[in-house]
Amino acid sequence: MNAVIETILRHRSIRRFEERPLTDEQIRTIVECAQAASTSSYVQAYSIIGVKDPKKKQKLAELAGNQSYVAQNGHFFIFCADFHRHELIGGLEGKDVLPSLESTEKFMVALIDTALAAQNAAIAAESMGLGICYIGGLRNNLPEVCALLNVPKRVIPLFGLAVGYPAQMPDRKPRLPFEHVYHEDEYDQDRARLVEQLQRYNETVSTYYEQRTNGRRRDTWTGQMAEMLSRQVRMYMKEFVEGKGFNLR
């Protein structure tokens, strides 16, 4: 156990922040920590847009599903998969890079690079005593988000990261059990064991909600997931991604 591990294990999503902006030094430190993350073949296929303009933050909050903490936080970062600069590199170096940039493999590289950078940023922020909340709701209305932020082709805003001084400290949600997530040497496909693990986890999650809400809620995890996955959302994404020049080959 050390300070880094303790910071990681203390994580919880913060959805209410003090009215206190981050300093430029804090913002730079968080971004530099994001840049220190591993990157596939040194590609660095991401960019980060920091939003300070209150009007833009309010509009982003509306586009993300009226989530108030998108507008009310210390700083709002938007993490983007980015091959815009790499297309420019092709022209500078006289190389045909488009077949590679438009491949499914490079699409995955961009997604992974961006996620790794974002998680570094999140841990850095939490180590500074700040709270964070990932905002996937930006993908509800990506064309409008891109227009608002003047995002070019071959750049996709993937999610936001609201950062600030916590004005709440909710309980940490129980994660899946270790043995459910970690497989040794090969994937354990024992269906009976998987079902048993899910049932035990449902009990843990139900107890968490019951205690948190004084008995008003007793959701199960499988119930939540089945309900969510039975609804078709953001079904425009394939067309949008291809329109941005990703995942075409």
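1. Arg200 and Glu196 both belong to helix H10 (residues 191-212), where 4 residues, about one turn of the helix, lie between their positions. Helices here are DSSP runs of H or I with at least four residues, strands are runs of E with at least two, and both are numbered from the N terminus. The two side chains meet in a salt bridge at 3.1 Å, N to O; the term denotes a side-chain nitrogen of Lys or Arg within 4 Å of a carboxyl oxygen of Asp or Glu. Arg200 counts as partly exposed at 38% relative accessibility, and Glu196 also counts as partly exposed, at 43%. Buried means under 20% relative accessible area, exposed over 50%, and partly exposed in between (1.4 Å probe, protein chains only).

2. On the basis of the work: this is a predicted model, in which local features need pLDDT of at least 70 and side-chain atom pairs count only at pLDDT 80 or more, while totals for chains, interfaces and linings use all residues. Residues are numbered from 1 along each chain as its sequence is written, and side-chain values use heavy atoms, with hydrogens and water left out.

3. The structure holds 16 salt bridges. One of them joins Glu62 to Lys59, with the closest N and O atoms 4.0 Å apart. These residues are 3 residues apart in helix H3 (residues 54-63), so about one helical turn separates them. Glu62 is partly exposed, with a relative accessible area of 38%, and Lys59 is partly exposed with a value of 38%.

4. Arg154 forms a salt bridge with Glu102, the closest N and O atoms being 3.4 Å apart. Arg154 lies in the loop between helix H8 (142-149) and E4, and Glu102 in the loop between helix H6 (98-101) and helix H7 (104-127), so the pair ties together parts that are 52 residues apart in sequence. Both Arg154 and Glu102 are buried. A network of salt bridges links Glu87, Glu102, Arg154 and Arg249.

5. Strand E4 deserves a separate point. Of its 10 residues, 10 are buried, so E4 is largely enclosed by the rest of the structure. Strand E2 (residues 75-82) pairs with E4 in the antiparallel sense over 8 bridges, and Phe79 has Phe159 of E4 as its bridge partner. Strand E3 (residues 131-135) also pairs with E4 in the antiparallel sense, over 5 bridges; here Tyr134 is partnered by Leu161 of E4. Two strands are said to pair if DSSP finds at least two bridges between them.

6. Lys173 lies in the loop between strand E4 (155-164) and helix H9 (178-181), and counts as partly exposed at 39% relative accessibility. Met169 lies in the loop between E4 and H9 and is exposed, with a relative accessible area of 55%. The C-alpha atoms of Met169 and Trp221 are separated by 22 Å, the two residues being 52 residues apart along the chain.

7. Arg15, Arg172, Lys173, Arg175 and Arg212 form a positive surface patch. Patches are made of residues with over 30% relative accessible area and no salt bridge, like charges being joined within 9 Å. Lys and Arg count as positive and Asp and Glu as negative, whereas His and the chain ends are not counted. The place of a charge is taken as NZ of Lys, CZ of Arg, CG of Asp or CD of Glu.

Methods. Patch = residues over 30% accessible without salt bridge, like charges linked within 9 Å, V, L, I, M, F, W, Y side chains within 5 Å. Areas by Shrake-Rupley, 256 points an atom, 1.4 Å probe, with all protein chains shown as cover.
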